Amino acid sequence: MKLSRTFVTAAAVCAVALPYLVHPSAPAHSFSSGAPASFSGPEQYCNYCHGGVDENPVNSGTGYVTIIAPDTFEPGEVIPVTVAIYNTTVQQGPQQRQGFELAARDANLDYVGSFNVDGTTVQFAPGAPSEDWVTHTSTSNADTSWTFEWVAPTTDVPATVTLYAAGNAADGDFSPDADDKIYSAEHVLTRIPIANEPGAAPLAFRLDAPFPNPVRTAATARYTLERPAEVEARLVDGRGRVVRVLERGARGAGVHTLRLAADGLPAGAYFLTLSTPEGTQARPVSVAR
């Protein structure tokens with residue numbers, strides 16, 4: 001398991017979601033191309049450089065950052081994760097910008113698991129000594145959400161893993177000051193023991209991936225209940241908003257089928273979630289036009 005690392009010095013720690021590459025007058029410590037490592041929390045956040053910790057407290061603005069991911073994981077499972085920012089910062093420059101950084105850590109704050117990133121919209125933190133931190137790129141610093149994968153470890157698996165994210169809602173004036181509002185979010189994943197582990201309990205429910213995916217008109221997804229339960233199936237957009245409730249109520253044990261109609265939905269990334277009293281599972285869904 002990876003151990004916590006000493007934080008980088010202040011000379012390398014200004015996570016700014018501003019277009020340095022297309023604006024030569026931007027300060028040299030502006031990182032529109034990705035936030036430096038170790039500012040996802042919980043020890044410190046991007047406000048270390050954006051206005052200062054005291055002058056620009058985290059979550060002091062009117063926007064927010066959210067993490068969309070399942071509530072449970074199995075050892076070795078590939079987990080889809082989306083970070084989304086709702087930016088209400090008043091625009092001062094030519095274009096409003098956003099950025100983020102995220103890390104996965106156990107109860108001891110050791111970094112755990114690994115990430116799959118595309119290198120186009122999401123990358124590992126530039127200059128980081130490892131691949132423990134995920135951040136935006138210069139291609140995606142005008143985006144409002146980013147999707148990637150966290151891969152759970154197969155050995156030394158902790159009981160819980162917390163995803164820590166910091167989001168930068170910049171005003172676009174090319175200055176890393178207190179007008180750039182910084183937000184934080186946490187999301188806890190609880191481990192489900194695999195079936196052949198000593199004392200492992202069978203899964204109470206499971207949500208399968210929808211098909212077809214991407215969806216153009218409609219898709220179906222099966223879910224299995226090991227025992228009767230109250231369920232709620234929802235479609236959630238990239239900002240964490242529920243756009244449709246597909247099913248709600250008591251269901252018996254066995255296999256059930258959900259139907260997802262895509263009419264009226266804008267193209268983009270969504271999550272199909274299934275919740276029972278024992279937790280929530282989620283599967284990514286893409287709507288194509």
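User: How many salt bridges does the count come to?
Analyst: The count comes to six salt bridges. A salt bridge here is a side-chain nitrogen of Lys or Arg within 4 Å of a carboxyl oxygen of Asp or Glu. This is a predicted model, where local features need pLDDT of at least 70, side-chain atom pairs count only at pLDDT 80 or more, and totals for chains, interfaces and linings use all residues. Residues are numbered from 1 along each chain as its sequence is written, and side-chain values use heavy atoms, with hydrogens and water left out.

User: Which residue forms a salt bridge with Arg 251?
Analyst: Glu 247 does, with the closest N and O atoms 2.8 Å apart.

User: Is Glu 247 buried or exposed?
Analyst: Glu 247 counts as buried, at 13% relative accessibility. Buried means under 20% relative accessible area, exposed means over 50%, and partly exposed is in between (1.4 Å probe, protein chains only). Arg 251 counts as partly exposed, at 26%.

User: What about Arg 222, which side chain does it meet?
Analyst: Arg 222 meets Asp 208 in a salt bridge, at 4.0 Å from N to O. Arg 222 lies in strand β12 (residues 218–225) and Asp 208 in the loop between β11 (205–207) and β12, so the pair ties together parts 14 residues apart in sequence. Strands (E, at least two residues) and helices (H or I, at least four) are DSSP runs, numbered from the N terminus.

User: Which residues are linked in a network of salt bridges?
Analyst: Glu 232, Arg 234 and Arg 248 are. Within it, the side chains of Arg 234 and Glu 232 meet at 3.6 Å, N to O.

User: New topic. How many aromatic pairs are there?
Analyst: The count comes to six. Rings of Phe, Tyr and Trp (its six-membered ring) pair if their centres lie within 6.5 Å; planes under 30 degrees apart are stacked, over 60 edge-to-face, and the rest tilted. Tyr 64 and Tyr 86 form a tilted pair, 5.3 Å centre to centre with 35° between the planes.

User: Where do Tyr 64 and Tyr 86 lie?
Analyst: Tyr 64 lies in strand β1 (residues 64–68) and Tyr 86 in strand β3 (residues 78–86), so the pair ties together parts 22 residues apart in sequence. The rings of Phe 100 and Trp 146 are also tilted, because their planes are at 35°, with centres 4.9 Å apart.

User: Are Phe 100 and Trp 146 buried or exposed?
Analyst: Both are buried.

User: Which residues do ring pairs link into a cluster?
Analyst: Phe 100, Phe 115, Trp 146 and Phe 148.
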